[in-house]
2 protein chains.
Amino acid sequence: MEVRGIHHLGVAVANLEEAVATYQRLLGARVESREMLTDQGVSAASVLVGGDRIELLEPTGDDTPVGRFISSRGPGLHHVAYAVPDVAAMLRELESVGAELIDTHPRRGLYGLQIAFVHPHAVHGVLTEVVSGG
Amino acid sequence: MEVRGIHHLGVAVANLEEAVATYQRLLGARVESREMLTDQGVSAASVLVGGDRIELLEPTGDDTPVGRFISSRGPGLHHVAYAVPDVAAMLRELESVGAELIDTHPRRGLYGLQIAFVHPHAVHGVLTEVVSGG
């Protein structure tokens, strides 16, 4: 499986609008899209910094994955997502080399993408996502 | 100042060789370069995942910035670096909008680059680096 590169960097934030404004002011970011994903407990904004994408994620409540992350560690870098041609095939490859997965099958992520998360245990503490499609 | 995009993603690891092997096995990463920076207390490997760069950082001791990071939070995502045309000019721009800086002047980073760090307080908990040159 060819990994194409970083699809986005996921950042946990306490206040989405303040974070968007900061990325605009400091880094000249442009807002690409916004989406509320109630089932995943996040309100998200994709911003482009130059040619690269930062996904700012505000939890919809404390008892959500991103809410618990912020409660325990504070806001900050949350995950890195890599673009792959086919998430399902990538998951089979990762399983074949013994990588611990959070999602054994693709699910729908933000913006209709196919996504799956690899457990941080498999990647030296980095929550890692694989993404395909659109 | 135009920010060109992500220059690299910095990842704190406990064992550099194990981490390099993991990125190769799971993500098809290729090693771009290695460097020991004793003054910054890291042994580093740059790996390319597709077209993007991950900088794996093993501390040379517990009493180093990356060593303290791992002691308090464990290994994982450490910082994000953005490519800019001119670090010194970028720092003046960041100061002009009130961003708290760690480095008020550029210093030498890995691989001879000009770098400076922006305080996480300024970027919602994300340790942010700006990079130029080569």
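Predicted model: local features only at pLDDT ≥ 70, side-chain atom pairs only at ≥ 80, totals over all residues.
## How chains A and B meet

Between chain A and chain B there are 10 residue pairs in polar contact, counting pairs where both residues are at pLDDT 80 or more.

Helix α1(A) gives the most, with 7 residues. Sorted by class, that side of chain A comes out as 22 nonpolar, 9 polar and 5 charged residues.

Now for the overall extent. Contacts link 36 residues of chain A with 36 residues of chain B. Put together, the two chains bury about 3200 Å², and 67% of that area is on carbon and sulfur atoms. On the chain A side, the residues that lose the most area to chain B are A:Leu26, A:Leu77 and A:His124, which together make up 22% of what that side buries.

Next, chain A taken by itself. Its secondary structure amounts to 3 helices and 8 strands, and reading along the sequence gives the order β-α-β-β-β-α-β-α-β-β-β. A few whole-chain values for chain A:

| Property of chain A | Value |
|---|---|
| Radius of gyration | 15 Å |
| C-alpha box along the principal axes | roughly 45 × 30 × 25 Å |
| Buried share of the 134 residues | 55% |
| Share of contacts (separation of 6 or more) from residues 24 or more positions apart | 52% |

How does the radius of gyration of chain A sit against that of a compact globule? For 134 residues, such a globule would come in near 14 Å, so the 15 Å of chain A agrees.

Is B:Ile6 buried or exposed? Its relative accessible area is 15%, and the cut-off for buried is under 20%, so B:Ile6 counts as buried. Setting aside neighbours within four places in sequence, B:Ile6 is in contact with A:Leu9, A:Asp52 and A:Ile54 from chain A, along with B:Val80, B:Ala81 and B:Tyr82 from chain B. As for B:Val97, which is 91 residues away from B:Ile6 along the chain, the C-alpha atoms of the two are separated by 21 Å.

Key
Residues numbered from 1 in each chain as written. Chains lettered and ligands numbered in written order. Heavy atoms only, no water. Contact = heavy atoms within 4.5 Å. Buried area = accessible area lost by both parts, 1.4 Å probe. Polar contact = N/O pair within 3.5 Å; in protein donor to acceptor, adjacent residues only side chain to side chain. Helix = DSSP H or I, 4+ residues; strand = E, 2+ residues; numbered from the N terminus. Nonpolar A, V, L, I, M, F, W, Y, C, P; charged D, E, K, R; others polar. Rg over C-alpha atoms; globule rule 2.2 N^0.38 Å. Buried < 20%, exposed > 50% of the residue type's maximum accessible area, 1.4 Å probe, protein only.
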